[in-house]
Amino acid sequence: MAMVSRLLSRSRQLYAGQIFFQHDHGMPVRSYAKEASASNLPPLKGDEMLRNIFYDVKNKFETAFSVLRKEKITIDPDDPAAVSQYAKVIETIREKADLLSESQKIKYAIDLQTQDIPDARTYLLTLQEIRIKNGLADDIGAEPLMMEALEKVEKEIKKPLLRSDKKNMSLLLAEFDKVNKKLGIKKEDLPKYEEQLELKVAKEDLDGLKKDAIEAMETQLKREEFKDEEMVDVKSLDIRNFF
């Protein structure tokens with residue numbers, strides 16, 4: 001159950017500076033929230049809405065379980081092959097249960113939290129707040145370079161840069177192109193960045209599962225009837241036996 005909960009209700013969002021760069025940078029913003037227009041939906045009473053939400057979550061859990069019952073997962077976060085296999089299992093669950101990928105979650109979260117921000121400076125500062133709030137590091141040093149680019153443009157136009165100012169926003173995007181080039185970021189490499197992000201998530205999930213399994217076994221071995229037992233290697237566990 002803990003594994004399925006990890007997959008269906010991850011509250012922590014991972015940050016990739018490369019993906020932040022691409023937002024509002026020649027790429028249309030997509031809404032990944034798969035919501036129907038209010039005008040196309042009949043009004044729902046409170047109980048009916050809750051019931052629909054319950055069945056939707058229930059179906060996603062059942063779909064996840066159906067995949068996990070079939071797939072062999074090796075709980076070894078230090079083995080790249082095990083991490084890659086687990087990432088593929090997550091992808092299968094995501095596709096069958098109609099869940100968002102990590103990069104889609106990031107794009108949707110950014111869009112949701114910045115959609116009403118009028119100026120470029122507040123937009124960039126909000127991205128920074130999102131990163132800090134989630135305890136994530138700007139490993140590639142993107143933020144200072146992005147802010148330098150903005151300051152250069154605002155100094156040139158002698159006023160704050162509004163996101164609706166398409167003419168001067170194009171100047172900022174041109175500066176961002178230079179930053180991307182300096183950092184070695186290419187649009188055509190986005191799938192690679194997204195794959196790296198998914199592998200990072202998979203590794204962190206396996207780390208968590210390993211920790212949970214060890215703690216559970218240590219607790220079990222403290223019981224009198226198991227005092228003569230030895231702790232097994234977590235890698236030898238087959239989680240399909242525990243569903």
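1. Met-49, Leu-50, Ile-53 and Val-57 make up a nonpolar surface patch whose accessible area is about 370 Å² together. A patch here consists of residues with over 30% relative accessible area and no salt bridge, like charges being joined within 9 Å and nonpolar side chains (Val, Leu, Ile, Met, Phe, Trp, Tyr) within 5 Å. Accessible areas follow the Shrake-Rupley method with a 1.4 Å probe, and for residues only the protein chains shown count as cover. Val-57 belongs to helix H3 (residues 46-68), and its relative accessibility of 38% places Val-57 in the partly exposed class. The classes are buried (under 20% relative accessible area), exposed (over 50%) and partly exposed (in between), with a 1.4 Å probe and protein chains only.

2. The model is predicted: local features need pLDDT of at least 70, side-chain atom pairs count only at pLDDT 80 or more, and totals for chains, interfaces and linings use all residues. Residues are numbered from 1 along each chain as its sequence is written, and side-chain values use heavy atoms, with hydrogens and water left out. Helices (H or I, at least four residues) and strands (E, at least two) are DSSP runs numbered from the N terminus.

3. A search of the whole structure gives one aromatic pair. Phe-54 and Tyr-55 form this edge-to-face pair, with 5.4 Å from centre to centre and 70° between the planes. Rings of Phe, Tyr and Trp (its six-membered ring) pair if their centres lie within 6.5 Å; planes under 30 degrees apart count as stacked, over 60 as edge-to-face and the rest as tilted. Tyr-55 is partly exposed, at a relative accessible area of 43%.

4. Salt bridges number 12 in a search of the whole structure. The criterion is a side-chain nitrogen of Lys or Arg within 4 Å of a carboxyl oxygen of Asp or Glu. About one helical turn separates Asp-56 from Lys-60, because they stand four residues apart in helix H3. Asp-56 is partly exposed at 40% relative accessibility, whereas Lys-60 is buried at 17%.

5. Which residue forms a salt bridge with Glu-143? The partner is Arg-131, with 2.7 Å from N to O. Glu-143 lies in helix H7 and Arg-131 in helix H6 (residues 120-133), so the bridge ties together parts 12 residues apart in sequence. Glu-143 is buried, with a relative accessible area of 13%, and Arg-131 is buried at 11%.

6. Helix H7 (residues 142-157) has 16 residues and spans 23 Å from its first C-alpha to its last, close to the expected 22 Å. The expected span is 1.5 Å times one less than the number of residues. The buried residues of H7 include Leu-145, Met-146, Leu-150, Val-153 and Ile-157.

7. Lys-152 is partly exposed at 43% relative accessibility, while Glu-175 is buried at 13%.

8. Most residues other than glycine have a negative phi. Lys-158, which follows H7, has a positive phi of about 65° although it is not a glycine. Lys-158 sits in the loop between H7 and H8 and is exposed, with a relative accessible area of 72%. Asp-98, also not a glycine, has a positive phi of about 60°. The loop between helix H4 (80-97) and helix H5 (102-114) holds Asp-98, which is partly exposed at 43% relative accessibility.

9. Pro-77 is in the loop between H3 and H4 and is buried at 3% relative accessibility. Pro-77 and Leu-206 lie 129 residues apart in sequence and 5.2 Å apart in space, C-alpha to C-alpha. Neighbours within four places in sequence aside, Pro-77 is in contact with Val-83, Lys-203, Leu-206, Asp-207 and Lys-210, contact being heavy atoms within 4.5 Å.
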